[in-house]
Amino acid sequence: MGICFLLLIVGVCWAQYDPNTEAGRTSIVHLFEWRWVDIALECERYLAPNGFGGVQISPPNENVIVTDPWQPWWERYQPISYKLCSRSGNETEFRDMVTRCNNVGVHIYVDAVINHMCGTNAGAGDHATCGSYFNAKTEDFPAVPYSGWDFNDGKCKSRSGDIENYHDISQVRDCRLVSLLDLALEKDYVRSKVAEYMNYLIDIGVAGFRIDAAKHMWPGDVKAILDKLKDLNTKWFSAGAKPFIYQEVIDLGGEPIKGSDYFGNGRVTEFKYGAKLGTVIRKWNGEKMAYLKNWGEGWGFVPSDRALVFVDNHDNQRGHGAGGASILTFWDSRLYKMAVGFMLAHPYGFTRVMSSFRWPRSFVNGRDVNDWVGPPSNSDGSTKPVAINADTTCGNDWVCEHRWRQIKNMVIFRNVVDGQPFSNWWDNGSNQVAFGRGSKGFIVFNNDDWNMNVNVQTGLPAGTYCDVISGQKEDDRCTGKEVHVSGDGMANFQISNNAEDPFVAIHVNAKL
């Protein structure tokens, strides 16, 4: 521990847990399947002015083209090479996006698909986004290059070669995830190729990585790759800054592989967070918001400084991944805004907001048979631009939850209250709750089936505040509700159970 403590003084030891966001920016947004040119614009016109810290992007490397023109979203998770061309754009557009976003203080986090290459059923030929030749049957990827020597076939002990038993740790990490060719990450050659790709992105200026399918890799193999990574580009980051690492580890508590197995490498995605919060806000299984008083580690989650949290992600909003039907999404917009509001007000974890696209849902036996549908596309298969409407919402079937007033204003709320303690909890024993963040902010929810009228201690300085859910402060007036805090910090909150948004949030920067 002594060496670690010394390193801690110079900030090296725990560097991979630091999101590298600029001071006062505390959340990132996943602009799922957006084109690089649209992300560059969004950084400049919207994300930077509203205090977003960064963007998680879809995998930028070459992937298989599954069908034409109906390309599923998941083909982005089937690599062919580490060249930077995808339906989001080419390398020139990628570099321009990273530069422009960094220049306005919004950083880029790459979804790194390093566990596997494409599926065995991808065939052979050049149907890949850069046109590279490959042969999935013979495991030949000359654009990397990888050959049959570089895959885990010999180590896998299942009958089919696929993962068949999630209680067998070796199967989960050495066999194929849904027939995707599993890379032999214990080989230094493979580790070096992966690190070369990630270092190329670091040189361009990215701030960190989401490690896709981390659960399917041995933690020591992941560490060996991360140990090869460079420090971040000093054009935008301080000398010695390490890439932020957050690993996709689906751990709902029922399997031998735990999120904690990966703490040595960086943060992990806390999937219990959205699954449990969805259950509470839907009031399923007798859950009540009053039970959220000890939210976070008290609910069995990983430590706050090891967690990346989210209400939904690109997988589980489609019923994949983890959490099942309890996951709240933009399809349940009223409850969803409450869940995201709660997440952004609460100090636990590092927060990621989802930004989605609509697809034509069609349910057969309770399952959405269109969950594969890719992003809004033109007839030639190219991704449609993100159109911005006059009211600042998005068109072309892009949902843009991060542009919803309630969510954008809660991203700002989180920035304002950063570093303040969780304080002044109040509940009615049911689904009306309130809490503060020290002397900087306060939030109140009414998720009961009756009206709310309460006087509670806010911990805030006396004055008139603008509710940032029903509106916001503009010039010296409120466009929505006003809240009056008296000299002793008390305030009255009245919230109808029929309100479009049955919650109210105030903070010191929204005070008249």
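A residue counts as buried when its relative accessible area is under 20%, as exposed when over 50%, and as partly exposed in between (1.4 Å probe, protein chains only). Both Cys466 and Cys478 are buried by that rule. The structure here is a predicted model, where local features need pLDDT of at least 70, side-chain atom pairs count only at pLDDT 80 or more, and totals for chains, interfaces and linings use all residues. Residues are numbered from 1 along each chain as its sequence is written, and side-chain values use heavy atoms, with hydrogens and water left out.

**Disulfides**

- A disulfide is a covalent bond between the sulfur atoms of two cysteines.
- Here, a pair of cysteine sulfur atoms within 2.5 Å is counted as a disulfide, and the count comes to 5.
- One of them joins Cys466 and Cys478, with sulfur atoms 2.0 Å apart.
- This link is left-handed because the torsion about its S-S bond is about -85 degrees.
- Another disulfide joins Cys156 to Cys175, with an S to S distance of 2.1 Å, and both of these cysteines are buried.
- Cys118 counts as buried, at 0% relative accessibility.

**Helix H7**

- Helices (H or I, at least four residues) and strands (E, at least two) are DSSP runs, numbered from the N terminus.
- Contact means heavy atoms within 4.5 Å, and what covers the buried residues of H7 includes strand E10, strand E11 and helix H8.
- After H7 comes Lys283, whose phi is positive, near 60 degrees.
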